[in-house]
Amino acid sequence: MKPEHIMHVVNVQARRRLIGENIMEAAGLLGLLSVCGLEDIRIKRIRLVVVNAFAILGVILHIIYERLSWPDMLLGALIGVVLIIISYFSHEKIGYGDGLIFMATGIYLGFWNNLVLLWLSTTLAGVYGLIMMLFKKKKRSSEIPLVPFILAVYVISLFFNGGSL
């Protein structure tokens, strides 16, 4: 076999592995955000067992595919820890469950992508809240579930950017 053919085979295998990694990551995040988004809308609660299951899946995928460095993955999860601390001191103006979700998404996305996800989803939720207040559908003190907006931002990023924020 010629060297050009060997390199072509290696490149094809690398692309297939990357596609497999992206599909597994996207499936994990879509599963997490879909299940928790529905719970956030219906019962305004996020079950810890669901978040933990998807977080463990994220760690397993990380071990198999090694897409992120361990520090990047841990710093991504740290964003959720900071949100939980903010939740405590703000008397849950942002819910503990939202912090747990961002801990799990940080495992999949790493620090910078998780930070962008946080920024875009809270911005989208804020715009939604303003529109609802303008049309007198919600009051300033009304609670808005955040996870559906996290899901919306992630789905948009999948569509336009292959899941990279």
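**Cavity and helix packing in a predicted model**

Trainee: How many cavities of 30 Å³ or more does a search of the whole structure find?
Mentor: The structure here is a predicted model. Searching the whole of it for cavities of 30 Å³ or more gives a count of one.

Trainee: What is the volume of the largest cavity?
Mentor: The search used a threshold of 30 Å³ or more. The largest cavity has a volume of about 100 Å³.

Trainee: Which helix gives the most to the lining of the largest cavity?
Mentor: The lining has ten residues, with Glu25, Leu61, His62, Arg67 and Tyr108 nearest the centre of the cavity. At least two lining residues come from each of α1 (3-42), α2 (48-65) and α4. With four residues, the top contributor is α2.

Trainee: How many residues of that lining are charged?
Mentor: By class, the lining of the largest cavity has five nonpolar and two polar residues. The charged ones number three.

Trainee: Are α4 and α5 roughly parallel or roughly perpendicular to each other?
Mentor: Helix α4 covers residues 96-134 and helix α5 residues 147-161, and their axes lie 8 Å apart. The packing angle is about 105°. Angles of 65 to 115 degrees count as roughly perpendicular. The two helices, α4 and α5, are therefore roughly perpendicular.

Trainee: How many nonpolar residues does the contact of α4 with α5 have?
Mentor: On the α4 side the residues include Ile101, Phe102, Leu109 and Tyr128, and on the α5 side they include Val147, Phe149 and Tyr154. The contact of α4 with α5 has one polar and one charged residue, and its nonpolar residues number 14.

Conventions
Residues are numbered from 1 along each chain as its sequence is written. This is a predicted model: local features need pLDDT of at least 70, side-chain atom pairs count only at pLDDT 80 or more; totals for chains, interfaces and linings use all residues. Side-chain values use heavy atoms; hydrogens and water are left out. Axes are lines fitted to C-alpha atoms, for helices over the stretch in contact, and angles run from 0 to 180 degrees between N-to-C directions. Angles under 35 degrees count as roughly parallel, over 145 as roughly antiparallel, 65 to 115 as roughly perpendicular and the rest as oblique. Contact means heavy atoms within 4.5 Å. Ala, Val, Leu, Ile, Met, Phe, Trp, Tyr, Cys and Pro count as nonpolar, Asp, Glu, Lys and Arg as charged, and the others, Gly among them, as polar. On a 1 Å grid over the protein atoms alone, a cavity is a set of points where a 1.4 Å probe fits but cannot get out, and a pocket is an open set with protein on both sides within 12 Å along at least five of seven lines; lining residues have an atom within 4 Å of a point. Grid points are joined across faces, edges and corners, and a volume is the space filled by probe spheres set on the points.
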